[in-house]
Amino acid sequence: MAKRWYVIHTYSGYENRVKTDLNQRIETYGMEDRIVDIQIPTEEVTEIKDGGKRETREVKVFPGYVLVRMELDDETWSVVRNTAGVTGFVGSEGNPVPLRRSEFNKLMGRGRDSQSAETKRATVTTSLEPGMPVKVVSGPLADFTGEVSEVMLESGKVKVMLAIFGRETPVELTLDQVSTRLK
């Protein structure tokens with residue numbers, strides 16, 4: 001029988017616990033050859049704090065969901081379904097529906113040419129928003145204050161309107177060159 005990827009629903013925040021408990025149950029019931037992989041889709045998020053300090057952490061892409069690669073039969077269904085923290089399989093009319101390979105790749109944040117299920121997506125976030133007052137903390141414009149007009153996360157930059165020689169001038173700066181602390 002073919003091993004396919006299935007999505008199981010868990011209590012939110014219990015994904016890692018479900019993975020650990022399910023691995024133990026698989027070993028206890030001797031199903032290592034029928035339930036072969038468990039994945040929790042994650043991505044690394046880099047948040048740029050005040051003053052350009054970067055904080056990277058791993059977050060779950062789909063809280064409350066875990067992917068399991070297995071042969072689906074009554075025994076494997078029962079082992080997975082009766083694991084503490086599992087509320088059920090994702091499917092229609094109570095029947096688990098396997099993922100297509102393209103769906104699995106998309107959930108795991110992989111392109112067609114990626115090799116590993118461990119591949120993670122990287123995302124940059126910041127608390128800066130248009131209209132926020134900021135101070136330039138480094139570079140030739142250090143100590144100028146202005147207002148954010150645009151945040152460009154893809155490039156890691158921010159557009160700030162600075163008063164230079166009495167005129168509002170748009171200046172593109174990196175996220176680590178500005179701070180919301182104006183003092």
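Reader: Why are R17 and D21 said to be separated by about one helical turn?

Author: In this predicted model, R17 and D21 both belong to helix α1 (residues 15-28) and are 4 residues apart, so about one helical turn separates them.

Reader: What makes R17 and D21 a salt bridge?

Author: The closest N and O atoms of R17 and D21 are 3.3 Å apart. The rule asks for a side-chain nitrogen of Lys or Arg within 4 Å of a carboxyl oxygen of Asp or Glu, so the pair qualifies.

Reader: Are R17 and D21 buried or exposed, and how do you know that?

Author: R17 has a relative accessible area of 53%; the cut-off for exposed is over 50%, so R17 is exposed. D21 has 12%, and buried means under 20%, so D21 is buried.

Reader: How many salt bridges are there, and which others can be named?

Author: The count comes to 8 salt bridges. Among them is E103 with R100, where the closest N and O atoms are 3.4 Å apart. Another is K159 with E150, at 3.8 Å. Both distances fall within 4 Å, so both pairs count.

Reader: Why is the pair of Y6 and F89 called edge-to-face?

Author: The ring centres of Y6 and F89 are 6.3 Å apart, which is within the 6.5 Å limit, so the rings pair. Their planes stand at 90°, and over 60 degrees counts as edge-to-face, so that is the name. The total by this rule is 3 aromatic pairs.

Reader: What parts of the chain does the pair of Y6 and F89 link?

Author: It links distant parts: Y6 is in strand β1 (residues 4-10) and F89 is in strand β6 (residues 86-89), 83 residues apart. Y6 has 6% relative accessibility and F89 has 17%. Both values are under 20%, so both residues are buried.

Reader: What makes Y11 and Y14 edge-to-face?

Author: The rings of Y11 and Y14 have centres 5.9 Å apart and planes at 70°. The distance is within 6.5 Å and the angle is over 60 degrees, so this pair is edge-to-face. Y11, at 48%, is partly exposed, and so is Y14, at 44%; neither value is over 50%, so neither residue counts as exposed.

Reader: Why are β13 and β14 called edge strands?

Author: The open sheet has 5 strands in the order β13-β12-β11-β10-β14, with antiparallel pairing. β13 (167-174) and β14 (178-179) each pair on one side only, and these are the edge strands.

Reader: How do you know that β10 and β11 pair?

Author: Strands β10 (residues 133-136) and β11 (residues 145-152) run antiparallel and are joined by 3 bridges. Pairing needs at least two bridges, so these strands pair. K135 stands opposite T145 in β11.

Reader: What lines the largest pocket?

Author: The largest pocket has a volume of about 180 Å³. Of the 13 residues that line it, V7, V90, V97, L99 and L107 are the closest to its centre. β5 (65-70) and α3 (101-107) are the elements that give two or more residues to the lining. By class, the lining has 10 nonpolar, 1 polar and 2 charged residues.

Definitions and conventions
Residues numbered from 1 in each chain as written. Predicted model: local features only at pLDDT ≥ 70, side-chain atom pairs only at ≥ 80, totals over all residues. Heavy atoms only, no water. 1 Å grid on protein atoms, 1.4 Å probe; cavity = no way out; pocket = protein on both sides within 12 Å on 5 of 7 lines; lining within 4 Å. Points joined across faces, edges and corners; volume = space filled by probe spheres on them. Nonpolar A, V, L, I, M, F, W, Y, C, P; charged D, E, K, R; others polar. Phe/Tyr/Trp six-rings, centres within 6.5 Å; stacked < 30°, edge-to-face > 60°. Buried < 20%, exposed > 50% of the residue type's maximum accessible area, 1.4 Å probe, protein only.
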